[in-house]
Amino acid sequence: EGHCLVFYSYKDIQKLEKHELKTFRRNAQMIFQDPYSSLNPRMTLLQIVGEPLTLNKLARGQELEDRVAHLLSLVGLRPEYIRRYPHAFSGGQRQRIGVARGLALNPQFIVCDEPVSALDVSIQAQTLNLLQDLQEEFELTYLFVAHNLSVIEHISDRVAVMYVGKLVEMANTDEIFSHPKHPYTEALMSAVPTPDPDV
């Protein structure tokens, strides 16, 4: 089970057997783009972050509360917030709740779908730093989807560029930013504003 991503990287997940798909779903989680619409306003943090644990029958009762409190503290939120609802939190805090939910099952792989695009710039930086700290601590692999090239350059080891739904270029971050090969990649790089009033 510890090496399942090696197995799944060569297999079409649409063709997995039911038991394989269950294992894959536990090991692959998601952090959504919009921290406002991705959290159920009628659920407390205990219910939101604890839902993956409850559905997979991994914890209940006091154990569930303890694990959710621990997850909240991992992402920089106070454990006593466990009974609060999403409306009591800012956008950055809500995104931290989404990160805690993504970590609940101890996944190996997390899809981050534009997780900072809806946040203010200063909050973006805090969230990116949190994601990097968690990646190092839990040896996570991220598939980070974004349009902001400075965010991609900051967080990525490898970059894949898509154009009209197809992958057109993939390389290490330094290489793709210094020597883009595909015309669309070059166009993306040239569209990045230069912070110099003389340019």
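1. Let me start at Lys57, which sits in the loop between H3 and helix H4 (61-74). This is a predicted model, so please read each point below as a comment on a prediction. Lys57 has a phi near 55 degrees, a positive value in a residue other than glycine. Most residues other than glycine have a negative phi. With a relative accessibility of 76%, Lys57 counts as exposed, because the cut-off for that class is over 50%.

2. Asn106 has a relative accessible area of 54% and is exposed.

3. Helix H2 (18-27) and helix H3 (45-55) each supply at least two of the lining residues, and H2 has the largest share, with five residues. By type, the lining of this pocket divides into five charged, four nonpolar and two polar residues. The space in the second largest pocket comes to about 280 Å³.

4. Now to the largest pocket, with a volume of about 820 Å³. Its lining is made of 24 residues, and those nearest the centre are Leu143, Phe144, Arg158, Val159 and Ala160. Of the lining residues, 18 are nonpolar, four polar and two charged. Which elements each supply at least two residues of this lining? They are strand E3 (141-145), helix H7 (149-155), strand E4 (158-163), strand E5 (166-172) and helix H9 (183-190).

5. Tyr142 and Phe144 make up the covered face of E3, whereas Thr141, Leu143 and Val145 are on the uncovered one. Leu143, from the uncovered face, and Phe144, from the covered face, are both among the residues that lie nearest the centre of the largest pocket.

6. E3 has a parallel partner in strand E2 (residues 109-113), to which five bridges join it. Within this pair, Asp113 stands opposite Val145 of E3. Together with helix H6 (residues 121-138), E2 and E3 make a β-α-β unit, and the unit is right-handed.

7. Within helix H6 lies Gln124. Is Gln124 buried or exposed? Its relative accessible area is 12%, so Gln124 is buried, the limit being under 20%. Leaving aside neighbours within four places in sequence, Gln124 is in contact with Val116, Ser117, Leu119, Asn148 and Val151.

8. Finally, the chain as a whole. Nine helices and five strands make up its secondary structure, and from the N terminus on the order is α-α-β-α-α-α-β-α-β-α-β-β-α-α. The C-alpha trace spans about 60 × 45 × 30 Å along its principal axes. Of the 199 residues, 41% count as buried. Among contacts with a separation of 6 or more, 59% are between residues 24 or more positions apart.

Methods. Residues numbered from 1 in each chain as written. Predicted model: local features only at pLDDT ≥ 70, side-chain atom pairs only at ≥ 80, totals over all residues. Heavy atoms only, no water. 1 Å grid on protein atoms, 1.4 Å probe; cavity = no way out; pocket = protein on both sides within 12 Å on 5 of 7 lines; lining within 4 Å. Points joined across faces, edges and corners; volume = space filled by probe spheres on them. Helix = DSSP H or I, 4+ residues; strand = E, 2+ residues; numbered from the N terminus. Nonpolar A, V, L, I, M, F, W, Y, C, P; charged D, E, K, R; others polar. Buried < 20%, exposed > 50% of the residue type's maximum accessible area, 1.4 Å probe, protein only. Pairing = 2+ DSSP bridges. Right-handed = clockwise from strand over helix to strand, strands pointing away. Contact = heavy atoms within 4.5 Å.
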